[in-house]
Amino acid sequence: MPRVLTMHRKIVPPPERKSYHDKLRAKRDYYARANCRFYAFEEAGLPGAFLEFFEAADAKTLSAAHAGSPDAVGDPGRIYREVEL
């Protein structure tokens, strides 16, 4: 069964960087408890520009995790399914 994911872009000003990293750790922990994986990437050439990825085995699990999340996700309804190659 292909995996699914959603993503969210975030720009973080330098003064908010530490609190954002704390929020990233909290998101990682929350999504792990919801049987999902959470990843964050920072653009190499543009410090403060982040992509957050939320991944699960199926859309139902991911949607339920987003619905219960303490932090809003950009567009939780836009779910991408892994392409089998």
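These are my notebook entries on one predicted protein model.

**Ground rules.** I count residues from 1 along each chain as its sequence is written. In this predicted model, local features need pLDDT of at least 70, side-chain atom pairs count only at pLDDT 80 or more, totals for chains, interfaces and linings use all residues, and side-chain values use heavy atoms, with hydrogens and water left out.

**Confidence.** I looked up pLDDT, the predictor's confidence in each residue, from 0 to 100. The protein has a mean of 93, and 99% of its residues reach 70 or more. Helices (H or I, at least four residues) and strands (E, at least two) are DSSP runs, numbered from the N terminus. Confidence is lowest in helix α2 (residues 59-68), at a mean of 93. Strand β2 (residues 37-42) is highest, at 97.

**The sheet.** In what order do the strands stand? I read β2-β3-β1-β4, an open sheet of 4 strands with antiparallel pairing. The edge strands are β2 and β4 (80-81), and each pairs on one side only. Two strands pair if DSSP finds at least two bridges between them. Strands of a sheet pair through backbone hydrogen bonds.

I then went through the pairs.
- β2 and β3 (residues 49-56) are joined by 6 bridges. Here Tyr39 stands opposite Phe53 of β3.
- β1 and β3 are joined by 8 bridges. Met7 has Phe53 as its bridge partner in β3.
- β1 and β4 are joined by 2 bridges. Leu5 has Tyr80 as its bridge partner in β4.

**Helix α1.** I found α1 (residues 17-33) lying across β1 (4-11), β2 and β3. Helix α1 runs at about 5 degrees to β3. Axes are lines fitted to C-alpha atoms, for helices over the stretch in contact (heavy atoms within 4.5 Å). Angles run from 0 to 180 degrees between N-to-C directions.

**Helix α2.** Which residues of α2 are buried? I noted Leu62, Ala65 and His66. Seen down the axis of α2, these buried residues fall within an arc of 100 degrees, so they line one face of the helix. The arc is that of the directions from the helix axis to the C-beta atoms. Buried means under 20% relative accessible area, exposed over 50%, and partly exposed in between (1.4 Å probe, protein chains only). An α-helix has 3.6 residues a turn, so residues three or four places apart point the same way.

What covers the buried residues of α2? The cover includes β1, α1 and β3. On the face turned away from the buried side, I found the exposed residues Lys60 and Ala67.
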